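Please keep the sequence and the 3D view open while reading.

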Amino acid sequence: MSQSVLLIAFPATDGEALPWWHVADGSVQAWGCDPDPVMASQAYGPDQAKGDVKVIALVPSHLTTVIGHEPISDVTRGQALTAAILAAKAQSLEGDKVHIVATIDSVGEPVTASVGRDILSSGLVHLKALDIDPDAIIPAGWLLPVTEDGAVSADFGFDHVVRAENIIATDDPALRDILFADRTVRPIAGDAFNTMMAGAWDKSDLNFRAGPFAKKTQRAMDARQKRRLGWMVAALVLLSLAIPLAQLAQYHWAAGKADDAALASAVPVVGEMEDPD
């Protein structure tokens with residue numbers, strides 16, 4: 001069975017309805033736009049724990065900056081990612097006010113994405129109020145596929161994005177003329193859009209949930225594990241009751257034996273006595 005995923009728009013303002021897509025069995029099963037995406041999507045079945053459904057929040061392109069970096073030879077993956085983050089930080093005009101993450105793309109090029117720390121913090125607070133704790137927070141444009149030539153665009157409803165290689169930007173006519181003037185832009189819509197959304201979990205590597213914004217790990221239990229835990233608790237309660245009962249029986253038996261011994265030792269002195277019972 002394929003991974004069940006709930007994709008939602010990362011909230012940029014308070015009180016807004018959030019577009020969402022529920023992916024299960026390898027395809028988009030439902031979509032909508034609601035203040036409470038979890039309740040509206042019914043992504044969690046009656047026997048599903050929260051860990052059974054992965055949640056991805058998509059950050060609008062105007063709030064993020066994605067940069068491709070030249071690969072460095074003879075370094076480890078970790079060293080390449082660290083170097084890319086330092087380079088992105090040096091290029092940023094806001095410095096410590098942005099949160100930067102990095103990954104290696106399909107051709108081995110380091111890629112970084114940055115977003116304002118205040119934006120990330122306020123959005124997470126908004127989602128927490130809805131009892132949503134995303135497993136991944138990624139730039140929406142990172143979902144768009146890379147084509148060998150030309151560019152692609154997609155309309156998420158909350159974000160219009162265009163991408164060519166690792167150049168990802170808001171699909172604005174002025175930006176098209178500057179960044180994509182020599183490229184043919186192919187829109188991703190219909191079945192192609194649903195296929196892109198269905199593969200979102202495989203594109204969650206450029207994840208803002210890292211460092212100070214990393215998700216706290218919690219072990220979730222499914223219905224079977226909860227039932228098993230219930231039986232274990234019941235067994236422990238019965239065992240805790242059985243121990244004092246066994247001790248009481250042992251004490252009663254020992255007391256009876258002591259009475260019999262006392263009577264036996266008294267016979268030579270006082271003689272046989274009738275049992276009062």
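## The second largest pocket

With five residues, β7 gives the most to the lining of the second largest pocket. Strands and helices are DSSP runs numbered from the N terminus, a helix being H or I with at least four residues and a strand E with at least two. The model is predicted, so local features need pLDDT of at least 70 and side-chain atom pairs count only at pLDDT 80 or more, while totals for chains, interfaces and linings use all residues. Residues are numbered from 1 along each chain as its sequence is written, and side-chain values use heavy atoms, with hydrogens and water left out.

At least two lining residues come from each of β5 (64-68), α2 (77-91), β6 (98-104) and β7 (110-116). The lining has 17 residues, and T65, S92, E94, V98 and S114 lie nearest the centre of the pocket. By type, eight are nonpolar, eight polar and one charged. Here Ala, Val, Leu, Ile, Met, Phe, Trp, Tyr, Cys and Pro count as nonpolar, Asp, Glu, Lys and Arg as charged, and the others, Gly among them, as polar.

The space in this pocket is about 270 Å³. A pocket is an open set of points on a 1 Å grid over the protein atoms alone, where a 1.4 Å probe fits, with protein on both sides within 12 Å along at least five of seven lines; lining residues have an atom within 4 Å of a point. Grid points are joined across faces, edges and corners, and the volume is the space filled by probe spheres set on them.

## Helix α3

Helix α3 (residues 117-129) has 13 residues and spans 19 Å from its first C-alpha to its last, close to the 18 Å expected at 1.5 Å a residue. The expected span is 1.5 Å times one less than the number of residues.

Its buried residues are L120, G123, L124, H126 and L127. They lie on the same side of α3 because they cover an arc of only 160° around the axis. The arc is that of the directions from the helix axis to the C-beta atoms. Buried means under 20% relative accessible area, exposed over 50%, and partly exposed in between, with a 1.4 Å probe and protein chains only. The face turned away from the buried side carries the exposed residues D118, V125, K128 and A129. Among the elements that cover the buried residues of α3 are β6, β7 and β8 (136-139); contact means heavy atoms within 4.5 Å.

## Helix α5

In helix α5 (residues 190-198), F193, M196 and M197 are buried. They fall within an arc of 95° seen down the axis, so they line one face of the helix. Exposed D191 and T195 are on the face turned away from the buried side. The cover over the buried residues of α5 includes β3 (27-34), β9 (151-155) and β12 (185-188).

## Single residues

L6 is in strand β1 and is buried, with a relative accessible area of 0%.

D74 is not a glycine, yet has a positive phi of about 60°. D74 is found in the loop between β5 and α2 and is exposed, with a relative accessible area of 81%. E165, also not a glycine, has a positive phi of about 55°. E165 is partly exposed, at 41%, in the loop between β10 (160-164) and β11 (167-170).
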